[in-house]
2 protein chains.
Amino acid sequence: MTVIEIRPVPGIGEVEPGDDLVAMILDSVTADGWGIENRDIVVVTHKVISKQEGRIVAIPDEDAYRELVEDESVRIVRRRGNLVIAQTVHGFICANAAVDRSNIAAGLALLLPIDPDRSAHRLRTLIERRTGASIAVVITDTFGRPWRRGLVDVAIGISGLPSILDLRGTTDAHGNELNVTEVAIVDEIAAAADLVMGKADQIPVAVVRGLDLRGEGRATDLVRPPDEDLFR
Amino acid sequence: MTVIEIRPVPGIGEVEPGDDLVAMILDSVTADGWGIENRDIVVVTHKVISKQEGRIVAIPDEDAYRELVEDESVRIVRRRGNLVIAQTVHGFICANAAVDRSNIAAGLALLLPIDPDRSAHRLRTLIERRTGASIAVVITDTFGRPWRRGLVDVAIGISGLPSILDLRGTTDAHGNELNVTEVAIVDEIAAAADLVMGKADQIPVAVVRGLDLRGEGRATDLVRPPDEDLFR
């Protein structure tokens, strides 16, 4: 029975388009004496991925921001005052189509990576190449939820993990089939990592160690198909 | 910068109404050599709390189950086939009004504790009295989410923690006010703890160590008020 450890990776600093993010992460994690081991899960907020990929848009004024949110939305799910709940091209449903104005200079906004699963895969491959370790990557964003106050981090891009832990057909100690059958394990990893990240602390990376989980899912698998979605 | 550790507490075994759950938890956590320290967060699935509190109902057949779900619902939010999304008396919105048929003998169902925040407070007080440590408690259940496949653990009862980490007015390194202002930190703790619990493994308790967080919130604070809820 292993303990899971979640370690913040501070000191990465401001990321610019084209930066060697892998080197920045590995320098920070190594400086800390922790390094990267086999089966570590490197959890990264999308903000640094988006910056590294140059997903930055100028928004001179509030109107430009509103327009950008509409442009990034493939479907408006709800609208009230300035709040827009929208579906992004990836399928994610969140506030303002995930267009983000925090942790970036005033007058700029960050978009999600074009293909966060691919970004996760690229980051994983580069870290594996430089460390020799076999790892997984989760890229996160912070989403609100209907019915429950407050925001939580969720997975928007993954590599090296199953998207869903499928327990269908598993029985409990009483011989009942479990009624919890599909666990959104990568969202739980994202939430866990956020405990050490902090929103204002500029800790964009955490390492989760001790979770023995392998797979090749995609975060877009987590998008509920329209015919299963009772809340469109 | 501390590491957060999440440790499963196995070996608690089957809980019966009236059992000394505190002794069962402390025996298991002590047997493990880990013990309980100041600022530990003891995370417990509601199933063992509900059992200990005798929140067990006989359901001779499927009709009785359906009736029980209706009884436990104060509002039906959506219904499709056998799936009922309902609001419980506590305010939580979840499948089947949280009536649970897994991890209990066939023909029985588990209800949520009557007042999970109070259950959390009682458990915390008893653990603190027996260990001398100042701790926090989170009671969890497993909920689905609109739009995203899979289930995650959330907090349904808390003691010794803030319900929401309120970052309103905080600025980032660029001087922007954060647009992530309210973090549902106890839901993130619940999700993190689930990583070591497992659904079929009968590990109903985990200890989260390293998170320096104190408060006196209630999990019912997490229920979004009707006038803020766009998805009623």
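These legends describe close-up views of a predicted model.

**View 1. Asp194(A) sits in helix 5 of chain A.** The helix spans residues 185–197. Is Asp194(A) buried or exposed? Asp194(A) is buried, because 28 C-beta neighbours lie inside 10 Å, and 20 or more are enough for that label.

**View 2. Asp194(A) has contacts beyond its sequence neighbours.** Setting aside residues within four places in sequence, the contacts are Thr140(A), Asp153(A) and Glu188(B). Phe92(A) lies 102 residues from Asp194(A) along the chain. The C-alpha atoms of Asp194(A) and Phe92(A) are 19 Å apart.

**View 3. Strand 1 of chain B is mostly covered.** This strand runs over residues 4–9, and six of its six residues are buried. Ile4(B), Ile6(B) and Pro8(B) point one way. Glu5(B), Arg7(B) and Val9(B) point the other way. In a regular strand, side chains alternate between the two faces of the sheet.

**View 4. Strand 1 of chain A pairs with strand 1 of chain B.** The pairing is antiparallel and has three bridges. Which residue of chain B stands opposite Ile4(A)? Ile6(B) takes that place.

**View 5. Strand 1 of chain B also pairs with strand 12 of chain B.** Strand 12 covers residues 205–209. Five bridges join the two strands, which run antiparallel. Here Val208(B) is the bridge partner of Ile6(B).

How values were computed
Residues numbered from 1 in each chain as written. Chains lettered and ligands numbered in written order. Predicted model: local features only at pLDDT ≥ 70, side-chain atom pairs only at ≥ 80, totals over all residues. Helix = DSSP H or I, 4+ residues; strand = E, 2+ residues; numbered from the N terminus. Buried ≥ 20, exposed ≤ 12 C-beta atoms within 10 Å, placed from the backbone. Contact = placed C-beta atoms within 7 Å. Pairing = 2+ DSSP bridges.
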